[in-house]
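This report covers helix packing and aromatic ring pairs in one protein model. The sequence and structure come first, and the description follows.

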Amino acid sequence: MDNVVKALHNECELAGLYSKASSLYNSAFDEVVKLKQSHIDTFNALLQSANLDYSAKDEENFNLNGEFMQDLAFLIERENENIAFYNEILADERDEKAKDLFYLFQAHSYNDILPALQELNSLNSELNSSNFGQNLLENALNSNQFFNQITKGKEFLDETAQTLERLKNKQLSQ
């Protein structure tokens, strides 16, 4: 369960980071915050089923400064670190339930969040090289157009909720 606690701490950090980014950028990252919260809830349920309790520490050092391009680069870097983190803990995890969750949550980062951030980075680069300017980017942020990739992740979120429910009811098996 040590890896589950590490993963829970990691997901709590990421949820805090995206929450701060969302408050800085017109709620643009709210879907990611919801996804990360579902990860946290799932890990908490897994720990509770093992009669363990974990409370995350509040960390306010999220390295976001309100400069959009710098913050976006930091978020992309942090998602890449998250993917590498899951590779590390998967290498020595023996519990199949935990492994399945680690793979699923890593897939969220790799298939949904990272492509959405990269799409936003591309959109921003295009806007900066043209004369459309910052207003178009702000409109894209406000309408969450760049998070269309996250919509695909809702299926994963539903699967996570089902897994969580089966875990709570002790119906989860390998």
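Helix axes are lines fitted to C-alpha atoms over the stretch in contact, and the angle between two axes runs from 0 to 180 degrees between N-to-C directions. The model described here is predicted.

**Packing of α1 and α3**

Helix α1 covers residues 2-24 and helix α3 covers residues 68-91; their axes come within 11 Å and cross at roughly 170°. Angles over 145 degrees count as roughly antiparallel, so α1 is roughly antiparallel to α3. The crossing of these two helices is left-handed.

On the α1 side, the residues in contact are Asn3, Lys6, Ala7, Asn10, Glu11, Glu13, Leu14, Leu17, Tyr18, Ala21 and Leu24. On the α3 side they are Asp71, Phe74, Leu75, Arg78, Glu79, Asn82, Phe85, Tyr86 and Ile89. By class, the residues of the contact of α1 with α3 comprise 11 nonpolar, 3 polar and 6 charged.

**Aromatic pairs**

A pair of aromatic rings is described by the distance of the centres and the angle of the planes. The structure holds 6 aromatic pairs. Two of them, both involving Phe102, are set out below.

| Ring pair | Distance of centres | Angle of planes | Class |
|---|---|---|---|
| Phe43 and Phe102 | 5.9 Å | 55° | tilted |
| Tyr86 and Phe102 | 5.8 Å | 45° | tilted |

Phe43 belongs to helix α2 (residues 30-49) and Phe102 to helix α4, so their pair ties together parts that are 59 residues apart in sequence. Tyr86 lies in helix α3, so its pair with Phe102 in α4 ties together parts that are 16 residues apart in sequence. Tyr86 is also one of the α3 residues that meet α1.

Are the residues of these pairs buried or exposed? Phe43 is buried, with a relative accessible area of 0%. Phe102 likewise counts as buried, at 0% relative accessibility. Tyr86 is buried too.

Ring pairs also join residues into a cluster, whose members are Phe43, Phe85, Tyr86, Phe102 and Phe105. Phe85, like Tyr86, is among the α3 residues in contact with α1.

**His108 in helix α4**

Helix α4 runs over residues 96-129 and contains His108. The relative accessible area of His108 is 0%, so this residue is buried, the cut-off being under 20%. Which residue lies 76 residues from His108 along the chain, with the C-alpha atoms 9.6 Å apart? That residue is Val32.

Methods: Residues are numbered from 1 along each chain as its sequence is written. This is a predicted model: local features need pLDDT of at least 70, side-chain atom pairs count only at pLDDT 80 or more; totals for chains, interfaces and linings use all residues. Side-chain values use heavy atoms; hydrogens and water are left out. Helices (H or I, at least four residues) and strands (E, at least two) are DSSP runs, numbered from the N terminus. Angles under 35 degrees count as roughly parallel, over 145 as roughly antiparallel, 65 to 115 as roughly perpendicular and the rest as oblique. A crossing is left-handed if the near helix is turned anticlockwise from the far one by less than a right angle, and right-handed if clockwise. Contact means heavy atoms within 4.5 Å. Ala, Val, Leu, Ile, Met, Phe, Trp, Tyr, Cys and Pro count as nonpolar, Asp, Glu, Lys and Arg as charged, and the others, Gly among them, as polar. Buried means under 20% relative accessible area, exposed over 50%, partly exposed in between (1.4 Å probe, protein chains only). Rings of Phe, Tyr and Trp (its six-membered ring) pair if their centres lie within 6.5 Å; planes under 30 degrees apart count as stacked, over 60 as edge-to-face and the rest as tilted.
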